[in-house]
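Hi,

Here is the structure I promised to pass on. Have a look first, and my notes follow below.

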Amino acid sequence: MMLHRLRLSVLLLSCWLLTPLCTGEDGDCESRCNLGHGRCDENGVCRCDPGWEGPQCEDCVRMPGCVHGSCHQSWQCTCESGWAGRFCDKDIYICTNQQPCQNGATCIANENGDYSCFCPEGFHGQHCELKTGPCQKARSPCKNGGTCADDNGYASELSCRCLAGFVGPSCQVNVDDCLMRPCANGATCHDGINRFSCECPAGFEGRFCTVNIDDCSSSPCLNGGRCYDRVNDFHCVCPMGYSGKTCDTQLWTHNTWAEGHPRVTQARPDLTASGPWRNNSLPGRRTTPSNSERLLKISVKEVVTRPGAALSEVQLIVLLVFGGMTLAVVGLTAVLVGRGHWKDRCSRCRCASQRRPPTATPAEEECRVSILHSPPPDLKKKLNTEVM
């Protein structure tokens with residue numbers, strides 16, 4: 001085989017040095033090229049068919065992967081002596097040449113290059129390399145994919161190497177991955193095999209339910225309202241003149257008079273048609289409510305009709321009752337304080353009249369006269385008679 005390759009190398013070298021001879025310039029390409037395995041091109045060069053090689057296309061190409069073999073036709077792998085198999089890679093005398101069986105096992109080979117080992121008692125394996133220990137005797141006691149270990153059969157007791165998510169002597173217990181409570185915000189944890197899943201409550205998402213869903217992403221607030229995200233909810237801060245969950249309720253509308261002045265029209269005519277909200281005006285004369293009355297109408301309507309208002313109707317009535325009681329107490333207190341103050345002034349005038357100096361001022365004289373006792377009716381009539 002080596003001699004054949006050497007001859008091919010020498011032939012190629014001579015062909016390269018003597019190009020005119022091989023290229024067919026002398027006109028003998030067809031005589032030199034094996035036309036059964038190739039052809040001559042327009043330049044007189046021998047071109048080989050697939051599966052053949054060499055200057056004259058006389059060498060066959062072996063099967064890819066052929067180790068110890070040759071070919072007579074293209075893509076063949078004819079094994080040499082002592083080798084077998086499709087790729088001629090199996091040693092027929094492996095039991096003698098390599099001795100693969102261990103621990104005193106008997107090796108038996110066949111003509112196809114295959115062999116088997118007959119193990120002695122206490123050993124097992126392809127080459128009888130494993131000692132029969134607790135794992136072999138127990139016949140794979142480890143569960144859920146666990147691996148049995150007994151130091152290649154030399155250990156007195158076996159042990160199981162469990163896969164992730166299992167524990168126990170035989171890997172029979174599934175670890176509860178929800179013990180550490182990985183799910184947040186009140187989510188429900190579902191245990192799996194070396195994993196868990198969180199069932200998020202409304203308003204949260206993510207693997208651990210830690211992401212609050214933005215309820216303002218859909219822009220629910222209308223009429224220019226500002227949205228604030230909450231847990232599975234949102235809050236709209238409405239501009240002036242609007243209310244409701246999404247600022248969709250209009251509290252008043254703006255109209256214009258013929259003169260171009262603004263006029264406020266209530267959204268509920270029933271509140272303005274009668275009662276304290278009615279605008280008392282002369283017939284045939286257009287009037288508008290005052291600013292204080294307009295603000296009162298709007299504030300009362302917002303308190304009574306707006307959803308989610310701070311005060312309900314009952315709370316408003318209680319507030320009015322307590323307000324009236326407070327005003328009554330304040331008025332009574334003012335009357336009592338004024339009466340006491342007036343009594344104090346009168347007592348001081350009385351004391352001053354009793355120790356009046358020889359020359360009294362007109363004010364002191366008036367005070368003195370005002371506190372004198374009135375004479376009896378008979379005495380007054382008698383004095384009048386004497387005067388007459």
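This is a predicted model: local features need pLDDT of at least 70, side-chain atom pairs count only at pLDDT 80 or more; totals for chains, interfaces and linings use all residues.

**What I found**

Let's start with Asp91, which sits in strand E8 (residues 90-91). Strands here are DSSP runs of at least two residues (E) and helices are runs of at least four (H or I), both numbered from the N terminus.

Residues are numbered from 1 along each chain as its sequence is written, and side-chain values use heavy atoms, with hydrogens and water left out.

Back to Asp91: it is buried but has no salt bridge, and Lys90, the nearest side chain of opposite charge, is 12 Å away. Buried means under 20% relative accessible area, exposed means over 50%, and partly exposed is in between (1.4 Å probe, protein chains only). A salt bridge needs a side-chain nitrogen of Lys or Arg within 4 Å of a carboxyl oxygen of Asp or Glu; on charge, Lys and Arg count as positive and Asp and Glu as negative, with His and the chain ends not counted. What the side chain of Asp91 does have is a polar atom 3.1 Å from the backbone nitrogen of Tyr93. Leaving out residues up to four places away in sequence, Asp91 touches Gly82, Trp83, Asn97, Gln98 and Gly113 (contact means heavy atoms within 4.5 Å).

Next, Asn103, in the loop between helix H4 (94-97) and strand E9 (106-109). Asn103 counts as partly exposed because its relative accessibility is 37%. Its side chain reaches the backbone oxygen of Cys128 at 2.6 Å. Glu129 is 26 residues away from Asn103 in sequence, yet their C-alpha atoms are 6.8 Å apart. Beyond neighbours within four places, Asn103 is in contact with Pro120, Phe123, Cys128 and Glu129.

Further along, strands E21 (residues 226-230) and E22 run antiparallel, joined by 5 bridges (two strands pair if DSSP finds at least two bridges between them). They form a hairpin with 2 residues between them, and Asn232 in the turn has a positive phi of about 55°. Arg230 has Asp233 in E22 as its bridge partner.

As for the whole chain, its secondary structure comes to 10 helices and 26 strands, and 21% of its 388 residues are buried.

Cheers

Note on methods:
A polar contact is a pair of N or O atoms within 3.5 Å; within protein, one must be able to donate a hydrogen and the other to accept it, and residues adjacent in sequence count only if both atoms are side-chain atoms.
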